[in-house]
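Me: Here is a model I would like to understand label by label. Could you tell me what stands behind each term as we go?

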Amino acid sequence: MTELKKVLLLGDSIRLGYQPYVQEGLKNEAVVVGPEENGRFAKHTLWGVNLWINELGVPDIVHWNNGLWDLHHEAPMVEALTPLPEYLDQMRRIINELERYGAKIIFATTIPVLPDSIGRSNAEIDLYNQATIELMQTKKIEVNDLNLLVKQGLPDLICEDRLHLTEEGSRLCANQTMEFIRKYL
């Protein structure tokens with residue numbers, strides 16, 4: 001019998017919402033793991049990536065996202081927590097760490113927020129996503145555009161907190177994520 005491939009899910013609280021559905025949906029096709037903790041902002045993911053891989057095992061496939069924490073503006077902060085050049089640098093460094101393991105990498109875009117979301121804007125999310133997509137293209141990393149998927153279903157896919165996915169949104173993101181992962185199983 002062939003050993004199942006290991007899939008590592010990394011990222012912020014959005015990943016925590018869809019991870020259980022991906023684990024259940026792929027249970028007979030792959031071993032899907034992810035850290036119990038929130039990947040928070042990109043620098044935290046960079047800090048934890050090797051620790052989590054040591055804990056969870058070397059993956060064959062990594063599906064990863066960051067962004068919502070990086071784009072937060074904690075009042076009275078005017079700029080995003082992570083300025084775009086620093087964010088892109090963290091993305092490059094995370095890619096470098098993941099590439100050392102030889103895993104297939106899939107990056108997921110940052111989802112939109114509902115209007116009047118405190119501390120975040122879709123214009124800024126779109127700016128960061130576009131810059132990150134361009135980086136991923138130069139690295140030949142496939143992009144799972146969860147942003148576009150969720151935008152098509154707003155407002156029903158975002159909770160009352162104007163930020164996190166509803167159960168329906170988590171299931172929808174999980175289904176699209178599984179489609180991307182299945183290409184490499």
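Me: What makes R40 count as partly exposed?
Reply: R40 has 26% relative accessibility. Buried means under 20% relative accessible area, exposed over 50%, and partly exposed in between (1.4 Å probe, protein chains only), so R40 counts as partly exposed. Please keep in mind that this is a predicted model, where local features need pLDDT of at least 70 and side-chain atom pairs count only at pLDDT 80 or more, while totals for chains, interfaces and linings use all residues. Residues are numbered from 1 along each chain as its sequence is written, and side-chain values use heavy atoms, with hydrogens and water left out.

Me: Why is the contact of R40 with E37 called a salt bridge?
Reply: The term asks for a side-chain nitrogen of Lys or Arg within 4 Å of a carboxyl oxygen of Asp or Glu. Between the side chains of R40 and E37 the N to O distance is 3.3 Å, so the pair meets the definition. E37 is itself partly exposed, at 31% relative accessibility.

Me: How many salt bridges are there in the whole structure?
Reply: A search finds seven. One of them joins E167 and R171, at 3.0 Å from N to O. These two are four residues apart in helix α6, so about one helical turn separates them. R171 is partly exposed, with a relative accessible area of 41%.

Me: Which parts does the salt bridge between E142 and K183 tie together?
Reply: In this pair the closest N and O atoms are 2.5 Å apart. E142 lies in strand β5 and K183 in the segment after α6, so parts that are 41 residues apart in sequence are tied together. Helices (H or I, at least four residues) and strands (E, at least two) are DSSP runs, numbered from the N terminus.

Me: Are E142 and K183 buried or exposed?
Reply: E142 counts as buried, at 19% relative accessibility, whereas K183 is exposed, with a relative accessible area of 51%.

Me: What makes β4 mostly covered?
Reply: Four of its five residues are buried.

Me: Why is the largest nonpolar core called a core?
Reply: A nonpolar core is a set of buried Ala, Val, Leu, Ile, Met, Phe, Trp, Tyr and Cys residues joined through side-chain atoms within 4.5 Å. The largest such set here has 56 residues, and W64 and M91 are among those with the most contacts inside it. Helix α3 (residues 84–99) gives the largest share, seven residues.

Me: What does W64 touch?
Reply: Its contacts (heavy atoms within 4.5 Å) include L10, M91, L98 and F107, leaving aside residues up to four places away in sequence.
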